[in-house]
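Subject: Handover of a structure

Dear colleague,

Please find the structure below, followed by an account of what was found in it.

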Amino acid sequence: MFELIIYLLTLLASLSVVGAAGTSGLLNNAFQRGFAGVSTQFVSSNFLLNYTNTESFLRACYGGELGFVGYFFVLSVGVLIVTWISNLYNYRQAII
C-alpha cells in the first residue's frame with residue numbers, strides 16, 4: 001500500500017513537471033513528453049522507494065505509532081492526492 005502511495009505521488013509530480021514543460025514549449029511532440037514523464041517518474045519513485053525513511057515514516061503513521069498526528073498526516077496526504085488529481089484533471093496543470 002505504501003509503495004502505491006509513493007508511486008501515485010511521483011506520477012502526479014511527473015505529470016505536473018511534464019505538463020509545465022509542455023506548456024512552455026520545451027516538449028514539442030508526444031514522444032518527448034512520454035519519455036520525459038516516464039523517466040521522471042521512474043527516477044523519483046526509485047529514489048523514494050530506496051529512501052527507507054519515507055516508507056518507514058508512512059508505515060509508522062498508518063500503524064498508529066505516532067498517535068493521532070500520524071493518522072492526521074496520512075489523511076492529509078490522501079486529501080493532497082485527491083486535490084492534485086482534481087487540479088490536473090480540471091485545469092491541466094498543478095495549481096501552486
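Helix H4 has 24 residues, and the distance from its first C-alpha to its last is 34 Å, close to the 34 Å expected at 1.5 Å a residue. The expected span is 1.5 Å times one less than the number of residues. Helices (H or I, at least four residues) and strands (E, at least two) are DSSP runs numbered from the N terminus.

This is a predicted model, in which local features need pLDDT of at least 70 and side-chain atom pairs count only at pLDDT 80 or more, while totals for chains, interfaces and linings use all residues. Residues are numbered from 1 along each chain as its sequence is written, and side-chain values use heavy atoms, with hydrogens and water left out.

The protein chain contains four helices and zero strands, in the order α-α-α-α. Its mean pLDDT (the predictor's confidence in each residue, from 0 to 100) is 77, and 78% of the residues reach 70 or more. Where pLDDT is low, the predicted coordinates should not be read in detail.

Of the 96 residues, 25% count as buried; buried means under 20% relative accessible area, exposed over 50%, and partly exposed in between (1.4 Å probe, protein chains only). In H4 the buried residues are Gly70, Val77, Ile81, Trp84, Asn87 and Leu88. Leu88 is classed as buried because its relative accessible area is 14%. The C-alpha atom of Leu88 lies 7.6 Å from that of Ser16, although the two are 72 residues apart along the chain.

The largest nonpolar core comprises nine residues: Phe2, Ile5, Ile6, Leu12, Leu58, Val77, Ile81, Trp84 and Leu88. Such a core is a set of buried Ala, Val, Leu, Ile, Met, Phe, Trp, Tyr and Cys residues joined through side-chain atoms within 4.5 Å. Helix H1 (2-23) and helix H4 (68-91) are the elements that give two or more residues to this core.

Leu75, also in H4, counts as exposed because its relative accessibility is 54%. Together with Phe68, Phe72 and Val79, Leu75 makes a nonpolar surface patch of about 480 Å².

Yours sincerely

Technical notes. Patches are made of residues with over 30% relative accessible area and no salt bridge: like charges are joined within 9 Å, nonpolar side chains (Val, Leu, Ile, Met, Phe, Trp, Tyr) within 5 Å. Accessible areas come from the Shrake-Rupley method with a 1.4 Å probe; for residues, only the protein chains shown count as cover. A salt bridge is a side-chain nitrogen of Lys or Arg within 4 Å of a carboxyl oxygen of Asp or Glu.
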